[in-house]
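Please look at the sequence and the model first.

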Amino acid sequence: MKRESAGGVRGWRPATEEALYGPSGFYRRPEGPAGHFRTSVHASPLFAGAVARLLFLVDEALDHPAELAFVDMGAGRGELVTGVLKALPAEVASRARGYAVERAARPAGLDHRIEWLPQPPPGVTGLLFANEWLDNVPLDVAEVDTEGTARLVLVREDGTESLGEPVTGAEAEWLARWWPLTRTPGSPLPLPGAPDGPPPPEDPPEEVRPPAAGLQGPAQGLHGLCGPHGQAADGLRAEIGLPRDDAWEAAVASLGRGLAVAVDYAHFAGARPPFGTLTGFREGRETAPVPDGSCDITAHVALDACALPGARLLSQREALGALGVSGGRPSLSLASTDPTAYVRALAGAGEAAELTARGGLGDFGWLLQPVGIPNPLSRGKQPST
């Protein structure tokens with residue numbers, strides 16, 4: 001499929017690639033992602049502690065290898081890998097090696113034990129963890145025209161959009177399987193939990209970041225939005241997640257043995273948002289996605305499409321609960337016996353509540369992909385692949 005057109009108009013995938021990762025791209029700016037939005041990593045050190053406990057479980061499943069890798073995909077400025085290494089027990093920390101995978105330059109003062117790489121190291125043994133990485137893997141956007149044809153959405157640097165040529169080839173096949181925008185008369189759109197679509201987690205992750213203006217919630221899906229003759233209605237949009245599927249498969253393939261985990265805000269088959277989720281973030285606020293390097297450009301992840309055989313899907317609330325993060329208040333009796341400990345425990349409970357909150361960070365999806373070991377967190381649904 002042609003990606004470039006005259007007059008500076010191109011598909012969202014190349015436009016986003018340059019805007020985020022080009023020489024003057026958003027993710028190469030000195031303030032880093034933390035200057036514009038807050039992830040679970042920045043919300044509380046409890047998150048890094050929970051990931052360290054997961055690495056401990058992976059270490060046990062691997063029978064305590066001589067070198068235990070922690071690979072932080074989309075590492076930002078190395079906040080998560082730094083926190084995980086600090087939280088490990090001494091015996092595990094002595095064998096642990098941290099890898100930060102990031103396109104931006106290595107930040108000054110980063111722990112010398114952490115290796116800074118543009119790609120994940122091949123063949124390591126341990127835990128590969130991708131926190132809000134897949135949502136920034138650039139992808140193209142499709143929109144249905146007035147004739148019911150799904151076409152590539154083209155964009156200028158100022159964010160102005162137009163429709164390009166029809167979506168064809170592997171991308172059209174991906175849409176047909178994972179995010180159908182058209183149908184023939186008499187063929188219903190898939191309902192949530194239909195046999196031909198992977199089931200969501202037991203507690204399905206929902207949208208976390210505020211939707212862009214005019215977007216509808218994922219629970220509305222595509223139902224009732226078709227035209228009078230069964231074809232898809234003009235204006236329906238989808239983000240073509242094939243590059244993310246490929247990126248995740250490559251990341252998993254880099255592991256010799258261990259566990260790969262992708263954490264992101266997600267949607268699932270049968271309940272895709274009808275007008276997509278593409279949006280921007282700048283200085284803590286949602287904004288229009290403009291591919292000029294001034295803002296983050298992100299879209300929710302079809303985690304069920306990314307899943308490989310043997311994967312499990314959990315909500316962050318379920319995953320962190322299994323790793324000992326609880327938002328329960330400490331006993332009031334502690335306030336009288338040890339007020340300092342009570343205040344500390346109360347603060348920790350508040351941070352845990354934020355990480356696991358419904359309608360917030362707790363609704364993120366966790367995709368767990370074991371490689372040569374049993375899944376250390378056995379809860380969660382197995383998607384069909």
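Q: In the hairpin of strand 11 and strand 12, which residue takes a positive phi?
A: This is a predicted model. The hairpin has 2 residues between strand 11 and strand 12. The phi in question is near 50°, and the residue that takes it is glutamate 283.

Q: How many bridges pair strand 11 and strand 12?
A: Strand 12 covers residues 285-287 and pairs with strand 11 in the antiparallel sense. Among the facing residues, arginine 282 stands opposite arginine 285, and glycine 280 has threonine 287 as its bridge partner.

Q: Which residue in strand 13 is the bridge partner of threonine 279?
A: Strand 11 (residues 279-282) is also joined to strand 13 (residues 296-298). These two strands run antiparallel, with 3 bridges between them. In strand 13, the partner of threonine 279 is threonine 298.

Q: Which strands are the edge strands of the open sheet?
A: The sheet has 3 strands in the order 12-11-13, with antiparallel pairing. An edge strand here pairs on one side only, and that holds for strand 12 and strand 13.

Methods. Residues are numbered from 1 along each chain as its sequence is written. This is a predicted model: local features need pLDDT of at least 70, side-chain atom pairs count only at pLDDT 80 or more; totals for chains, interfaces and linings use all residues. Side-chain values use heavy atoms; hydrogens and water are left out. Two strands pair if DSSP finds at least two bridges between them. Helices (H or I, at least four residues) and strands (E, at least two) are DSSP runs, numbered from the N terminus.
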